[in-house]
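Please read the numbered points beside the sequence and the model.

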Amino acid sequence: MSMLEVKGIRKSFDGKTQVLNGIDVSVSKGEVIAILGPSGGGKTTLLRCINFLEKADSGSLSLDGKTYDLAKITKKEIAEIRRKTAFVFQNYNLFLNKTALQNVTEGLIVARKMEKAKAEEIGRAALEKVGMLERVDYYPNQLSGGQQQRVAIARALATDPEIIYFDEPTSALDPELTGEVLGVMRRLADEGMTMLVVTHELGFAKNISTRTMFIEGGVVVEEAPSREFFANPRQERTKAFLRAISSKEEE
Amino acid sequence: MNERLLNILIQSFPKILLPGLMYTIPLTVLAFAIGLVIAILTALVQFANIRVLKQIARIYIWIIRGTPLLVQLFVVFYGLPKVGILIDAFPAAVMVFAINEGAYAAETMRAALEAVPAGQMEAGYCVGMSWWQIVRRIELPQALRTAFPTLFNELISMVKDTSLAANITVTEMFMTTQRINAVYYEPLALYLEVAAIYLLFSTVLTKLQSIGEKKLGSYGRR
């Protein structure tokens, strides 16, 4: 039984550029899905539409058995869905005027009306999980990129989501810093967190994700359990993409 | 400088300073505070993209920035009575200065709001915050920090602009000096004296500004 089911999602910008051409995504509890693809192929737009940072033109989304029509979804329904999901951005998007701990507790206190003490307890636990407990009172501009992204992950964790969406979480990081973030993501995966990850990190897709999707031109070109996806890519376009991206890594 | 002139200056000093403390400063502080509230609201309706209010905001800014402050003062104090609206000099001055400041500061605030990195709004939505919660707790504090130097600049400017209120019979510093000059006729000395007092006020404010900027820091190291 899948936890998240997206069917036939379509999106165009300005009525001209069709970015999403009817994509289906199915995620079961505990799965870690890696989404690969070229820039502009639609993978980031897909993720943003699923969490309503963009408005899809059509399609349906089911979460926990409840189905929503993406063309007609209401603000209330969006809020309802967002209570169960969390999003980690490519450029972290931490609240710059708040400390690490405040970043993590802000949503809990303000949106969920949680008591400050309880929120801070949860916040510290989340920060400890990502290895940032020593920097609870630091502001984002006192932290490195990798540290900021880990705080962002803690912020996502603190809301106790059913699924976490990651939009190229390491793309903005220097290579030395990607490791610390990928390490945190691996821990989450091992602990059974359901994750949908748009990424360029082949290592993550190969070794940590349970299933890999290749999206290009707004459609799912190929999708398979990760081991098989990399061992036996079937489509020509997939093979070409994997060739191109692996040769880039070898440079 | 002869003794007579020195005496005039010494005697006139408190006479000029008093209206400075009673009218110039309160007028400035009051008008600026109200103007700032107007500015934030005007900037927010544009930030929120509420179509009708946004249009009203743009028209308001266009008209107020497009007409001289002195003319605005005259329209309110001398013009409105013609249609039966009578407002006392001081309140009229506060009103006009506030509305005038609001239009200029609104542009400062709008730019400051747009300068806040956009992704924070999205992050706020994703953790479940509402538009207003994000604006009040994340966007506005950052915008106000960015706008602080410019806004303080406008405050310091306003201190001097209040001299225009003399034209609508507010007995602030400038008008008082004019009256003293009418008695003693020492324009150079007296007008330099009031200029020095304006300079004193501005200098104090400038000092406050740098204290303020240091205190605001910049959310950690810069």
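The points below take up each chain, and the contact between the chains.

1. Basis of the note. This is a predicted model, in which local features need pLDDT of at least 70 and side-chain atom pairs count only at pLDDT 80 or more, while totals for chains, interfaces and linings use all residues. Residues are numbered from 1 along each chain as its sequence is written, and chains are lettered from A and ligands numbered from 1 in the order in which they are written.

2. Make-up of chain A. Chain A contains nine helices and 10 strands; helices (H or I, at least four residues) and strands (E, at least two) are DSSP runs, numbered from the N terminus. Chain A has a radius of gyration of 18 Å, close to the 18 Å that the globule rule gives for 251 residues, so it is as compact as a globular protein of that length. That radius is taken over C-alpha atoms, and the rule is 2.2 Å times the number of residues to the power 0.38. Along the principal axes, the C-alpha atoms of chain A fill a box of roughly 55 × 45 × 35 Å.

3. Burial and contacts in chain A. Of its 251 residues, 49% count as buried. A residue is buried if 20 or more other C-beta atoms lie within 10 Å of its own, exposed if 12 or fewer, and partly exposed in between, with C-beta atoms placed from the backbone. Among the contacts in chain A with a separation of 6 or more, 65% are between residues 24 or more positions apart; two residues are in contact if their C-beta atoms, placed from the backbone, lie within 7 Å.

4. An open sheet in chain A. In what order do the four strands of the open sheet in chain A run? The order is β2-β1-β4-β5, with antiparallel pairing; two strands pair if DSSP finds at least two bridges between them. The edge strands, each pairing on one side only, are β2 (17–28) and β5 (66–69) of chain A. From one strand to the next, the twist averages 15°, where axes are lines fitted to C-alpha atoms, for helices over the stretch in contact, and angles run from 0 to 180 degrees between N-to-C directions.

5. Strand β4 of chain A. Five bridges join β1 (residues 2–13) and β4 (residues 58–63) of chain A in the antiparallel sense, and L4(A) stands opposite L63(A) in β4(A). On its other pairing, β4(A) is antiparallel to β5(A) over four bridges, with L61(A) opposite Y68(A) in β5(A). The hairpin of β4(A) and β5(A) has two residues between the strands, and D64(A) there takes a positive phi near 55°. Which residues lie on the covered face of β4(A)? They are G59(A), L61(A) and L63(A), whereas S58(A), S60(A) and S62(A) form the uncovered face.

6. Two domains in chain A. Chain A is divided into domain 1 (2–84 + 162–250) and domain 2 (89–160), with bounds from an automatic or database domain assignment. The C-alpha centres of domain 1 and domain 2 of chain A are 24 Å apart. Their contact takes 12 residues from domain 1 of chain A and 11 residues from domain 2 of chain A. On the domain 1 side, β7 (163–167) and α6 (175–190) of chain A each supply at least two residues, and α6(A) gives the most, with four residues. By class, that side has seven nonpolar, one polar and four charged residues; Ala, Val, Leu, Ile, Met, Phe, Trp, Tyr, Cys and Pro count as nonpolar, Asp, Glu, Lys and Arg as charged, and the others, Gly among them, as polar.

7. Make-up of chain B. Chain B has eight helices and zero strands. Its C-alpha atoms fill a box of roughly 75 × 50 × 25 Å along the principal axes. Of the 222 residues of chain B, 33% count as buried. Residues 24 or more positions apart make up 78% of the contacts in chain B with a separation of 6 or more.

8. Is L36(B) buried or exposed? L36(B) counts as buried because it has 22 C-beta neighbours inside 10 Å. L41(B), with 15 other C-beta atoms within 10 Å, is partly exposed. The C-alpha atoms of L36(B) and L151(B), 115 residues apart along the chain, are separated by 8.6 Å; for L41(B) and S157(B), 116 residues apart, the separation is 22 Å.

9. Contact between the chains. In this interface, 16 residues of chain B are in contact with 24 residues of chain A. On the chain B side, the elements giving two or more residues are α5 (119–126) and α6 (131–161) of chain B. That side has seven nonpolar, six polar and three charged residues.
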